[in-house]
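Here is a quick briefing to keep beside your viewer.

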Amino acid sequence: MARSKSSNQWLREHFDDEYVKKAQQEGYRSRAVYKLKEIQEKDRIIQPNFKIIDLGAAPGGWSQYAAQLIGKNGRIVASDILPMDPLAFVEFVQGDFREESVLNQLLELLGDDKAHLVISDMAPNMSGMDTVDQPRAMYLCELALDMAIKVLRPQGAFLVKLFQGEGSEAFLRDMRQHFKTVKIRKPSASRPRSREVYVLAQGFMV
């Protein structure tokens, strides 16, 4: 089947992308790692011995990078509906965490420990129709926030991908009710034309 003009353009952009090339050279699983790396360099959200939940983890770039920073006494519990190749120090649950059985598996792996940090790079499959894509994206943000509220320890942090648009301001207001500080970050690896930003919430208030 012939590729559409827009998918050819995406493929061209993807393979010319400096972050795609850099990820290949440095052995990372995805270009998305550089978004987390820039936020980490600025905000120091990942520390040795941290317990982290990574939502929407596949193919594993964020977990791969975080695992280098937490050391052998830290833990990462990762989840995605897609499969993910194994990573050292990362426990992975495949499935939709909206389902009780998957959520219970995640909580079981975390055990009695509360998480220091929840990270979410989840995004819906984009249809190109804003009226469909934006509500789906906001729903994923809300699910990730619900999970963070369940599992974070006092003063914990939450990093989530947000597409700016309808519902995003209400979501930020909701986050401010649970965290002492809420900041917007737009890493260099986020494509400039994308409405994607990352919201960093710190100082979880139980």
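Predicted model: local features only at pLDDT ≥ 70, side-chain atom pairs only at ≥ 80, totals over all residues.

Numbering starts from 1 along each chain as its sequence is written, and side-chain values use heavy atoms, with hydrogens and water left out. Helices (H or I, at least four residues) and strands (E, at least two) are DSSP runs, numbered from the N terminus.

**Salt bridges**

- Side chains of opposite charge can pair when their charged atoms come close.
- The rule here asks for a side-chain nitrogen of Lys or Arg within 4 Å of a carboxyl oxygen of Asp or Glu, and that gives twelve salt bridges.
- Take Arg191 and Asp17, whose closest N and O atoms are 3.2 Å apart. This pair joins distant parts of the chain, 174 residues apart: Arg191 sits in the loop between strand S6 (179–185) and strand S7 (196–204), and Asp17 in the loop between helix H1 (5–16) and helix H2 (18–26).
- For accessibility, buried means under 20% relative accessible area, exposed over 50%, and partly exposed in between (1.4 Å probe, protein chains only). Arg191 has 24%, so Arg191 counts as partly exposed; Asp17 is buried at 10%.
- Asp43 and Arg185 also make a salt bridge, with 2.9 Å between the closest N and O atoms. Asp43 belongs to helix H3 (residues 33–43) and Arg185 to strand S6, so this bridge ties together parts 142 residues apart in sequence. Asp43 is buried at 12%, and Arg185 is buried at 18%.
- Arg98 and Asp96 meet at 2.6 Å, N to O. Arg98 is partly exposed, with a relative accessible area of 47%, whereas Asp96 is buried at 18%.
- Salt bridges also link Lys35, Asp121, Lys161 and Glu196 into a network.

**Helix H6 against helix H7**

- Two packed helices are described by the angle between their axes and the distance between the axes.
- For helix H6 (residues 130–151) and helix H7 (residues 168–176), the angle is about 5° and the axes are 11 Å apart. Here axes are lines fitted to C-alpha atoms, for helices over the stretch in contact, and angles run from 0 to 180 degrees between N-to-C directions.
- H6 and H7 are therefore roughly parallel (angles under 35 degrees count as roughly parallel, over 145 as roughly antiparallel, 65 to 115 as roughly perpendicular and the rest as oblique).
- H6 brings Met138, Cys141, Glu142 and Leu145 to the contact, and H7 brings Ser168, Phe171, Asp174 and Met175; contact means heavy atoms within 4.5 Å.

**Aromatic rings**

- There are five aromatic pairs in the structure. Rings of Phe, Tyr and Trp (its six-membered ring) pair if their centres lie within 6.5 Å; planes under 30 degrees apart count as stacked, over 60 as edge-to-face and the rest as tilted.
- Tyr28 and Tyr34 have ring centres 5.9 Å apart and planes at 90°, so they are edge-to-face. Tyr28 is buried at 14% and Tyr34 is buried at 5%.
- Ring pairs join Tyr19, Tyr28 and Tyr34 into a cluster.
- Trp62 and Tyr198 have ring centres 5.7 Å apart with planes at 45°, so that pair is tilted. Trp62 is in helix H4 (residues 61–70) and Tyr198 in strand S7, 136 residues apart. Both Trp62 and Tyr198 are buried.

**Helix H4**

- Eight of the ten residues of H4 are buried, so H4 is largely enclosed by the rest of the structure. Among them are Trp62, Gln64, Tyr65 and Ile70.
- Gly71 follows H4 and has a positive phi, near 75°.

- Most residues other than glycine have a negative phi, and most peptide bonds are trans.
- The peptide bond from Ala58 to Pro59 is cis, with omega near 5°. Pro59 lies in the loop between strand S1 (51–55) and H4.
- Phe89 has a positive phi, near 70°, and sits in the loop between strand S2 (75–80) and strand S3 (90–94). Phe89 is partly exposed at 46%.
- Gln155, in strand S5 (residues 152–163), has a positive phi near 75°.
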